[in-house]
Amino acid sequence: MTSSYAHRRQRAMDLIGGGTAVFASAPPAVMHNDVDYPFRQDSNFYYLTGFNEPGAVAVLAPHHDEHRFVLFVRPKDPEKETWSGYRVGVELAKERFGADQVYPIGELDEHLPKYLEKADRLYYHFGHDQALNNTVMRHWQRLLATYYKRGTGPVAIEDATLMMQTLRRVKSAEELDLLRRAIAIAAKAHNHARDITRPGRFEYEIQAEMEHIFRLEGAMGPAYTSIVASGANACILHYVENNCQMQEGDLLLIDAGCAYDYYNADITRTFPVGGRFSDEQRILYELVLEAQLRAIAAVKPGAPFNEFHDAATRTITEGLVELGLLTGSVDTLIEEKKHKAFFMHGTGHFLGLDVHDAGILRNADKTWKPFEVGNVVTVEPGIYISPTYEPVEGQPQIDDRWRGIGIRIEDDVLVTETGCEVLTAAVPKALEDMER
């Protein structure tokens, strides 16, 4: 993978041109008191370096005569490493990560100016590290104040995140291999969850079984907090308590995925706890599945990003009108967003190093950017009818038999030259496969 990181840095430097880009690692995050969460590197930093420690800064300076890729890292410290784990250190970081120069992080103030003073632009994202924000701003302001004497130096700052949105949108072959591995592990966990779900079991039992498989198969753990929502809990989009006992007649909505070497799977399935759908559950399930299949068909190179959402929205709205849950012209209902009483979220998002991954969706003129070969996107329409649903003005009251049903079906989809590939096809979703 070392050559992959070098290739990514070169692509970034092609965009930077005569500028300099500064990237910060993620800070440690405190769980409580003096206990830290497991460290999770900043995705942009990791994408460019592969370096997986806090307290680091990466500099890309393509205009510099000698040092185009520079790292600032924590030096070796045997006492601290005894408590908190081994550090790569300055010497080994240069060898292992391909940097032209590596300095101790404590020397950032001393050495950073030499990589800025001849740059025509500074690329930096002002994040949570206020001390680093202040350091970067101070050096930029000093160089700007003396620009008239030297005639060089960055006269503008551009958010480095915008550049990374462009770079990370299309996945390389190596990235797709990691995504496929994460998805294969998550698929195994989902299929196991469907096999073991029974009335009387608790949501957290299913969560525990799935996350056991994640770790057993070599994943880092959950890609996000697992949603295991039975009955009316499925009408809460980000339900994470997972503490209810499942009942006969409930549906179980599971939205769970794992992270493998930082790359994420994101899968949702909904099925009956007791093995059989009720009439109302079956009708709504088939409607969501139809919407998802039509949305997947709209994922192809050159298609504007909004088309798959529009396909799902129209299918669901047409179905809700046919069922009498909405009334009026389908076009008018969509224009007035009346469908959002039942389908209130987008149909999908890019997937990769982040669950909601990098990728700018619109052009400057507000038109939608098209899908490109190598994009990976989730496709996840749903219908949610809250037990407390109250219709908006002009819409009908609904029968209680529909209340408390929440259904979402989500697959991870790769844009290919000829259309798309459903990467999560190993997890069944046909109605007959959801029953037993």
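**View 1. Strand S11 is mostly covered, with six of its six residues buried.** Buried here means under 20% relative accessible area, whereas exposed means over 50% and partly exposed lies in between, with a 1.4 Å probe and protein chains only. Leu251, Leu253 and Asp255 point one way from S11, Leu252, Ile254 and Ala256 point the other way, and all are buried. Strands (E, at least two residues) and helices (H or I, at least four) are DSSP runs, numbered from the N terminus. This is a predicted model, in which local features need pLDDT of at least 70 and side-chain atom pairs count only at pLDDT 80 or more, while totals for chains, interfaces and linings use all residues. Residues are numbered from 1 along each chain as its sequence is written, and side-chain values use heavy atoms, with hydrogens and water left out.

**View 2. Three strands form an open antiparallel sheet in the order S10-S11-S14.** The edge strands, each of which pairs on one side only, are S10 (227-230) and S14 (267-272), and the twist from one strand to the next averages 10°. Two strands are taken to pair if DSSP finds at least two bridges between them. Strand S11 (residues 251-256) is joined to S14 by six bridges, and the two run antiparallel; Leu252 has Phe271 of S14 as its bridge partner. Helix H9 (residues 173-196) packs on the sheet, touching S11 and S14, and its direction makes about 10° with that of S14. Contact means heavy atoms within 4.5 Å, and axes are lines fitted to C-alpha atoms, for helices over the stretch in contact, with angles running from 0 to 180 degrees between N-to-C directions. Ala256 is paired with Ile267 of S14 as its bridge partner.

**View 3. Ile407, placed in strand S17 (residues 405-408), is buried, with a relative accessible area of 0%.** Not counting residues up to four places away in sequence, Ile407 touches Leu251, Leu253, Thr270, Gln281, Leu284, Tyr285, Val288, Pro381, Gly382, Ile383 and Tyr384. Of Ile407 and Tyr384, which are 23 residues apart along the chain, the C-alpha atoms are separated by 6.3 Å.

**View 4. Gln207 lies in helix H10 (residues 203-216).** Gln207 counts as buried because its relative accessibility is 17%. With residues up to four places away in sequence left aside, the residues that Gln207 touches are Ser226, Val228 and Asn242.

**View 5. A further open sheet has three strands in the order S9-S12-S13, with antiparallel pairing.** Its edge strands are S9 (221-222) and S13 (263-264), each pairing on one side only. Two bridges join S9 to strand S12 (residues 258-260), and these strands run antiparallel; Pro222 stands opposite Cys258 in S12.

**View 6. Met31, Val35 and Tyr37 form a nonpolar patch on the surface, with about 260 Å² of accessible area together.** Patches are made of residues with over 30% relative accessible area and no salt bridge, like charges being joined within 9 Å and nonpolar side chains (Val, Leu, Ile, Met, Phe, Trp, Tyr) within 5 Å. A salt bridge is a side-chain nitrogen of Lys or Arg within 4 Å of a carboxyl oxygen of Asp or Glu, and accessible areas come from the Shrake-Rupley method with a 1.4 Å probe, only the protein chains shown counting as cover for residues. Met31 is found in strand S2 (residues 30-32), and at 38% relative accessibility Met31 counts as partly exposed.
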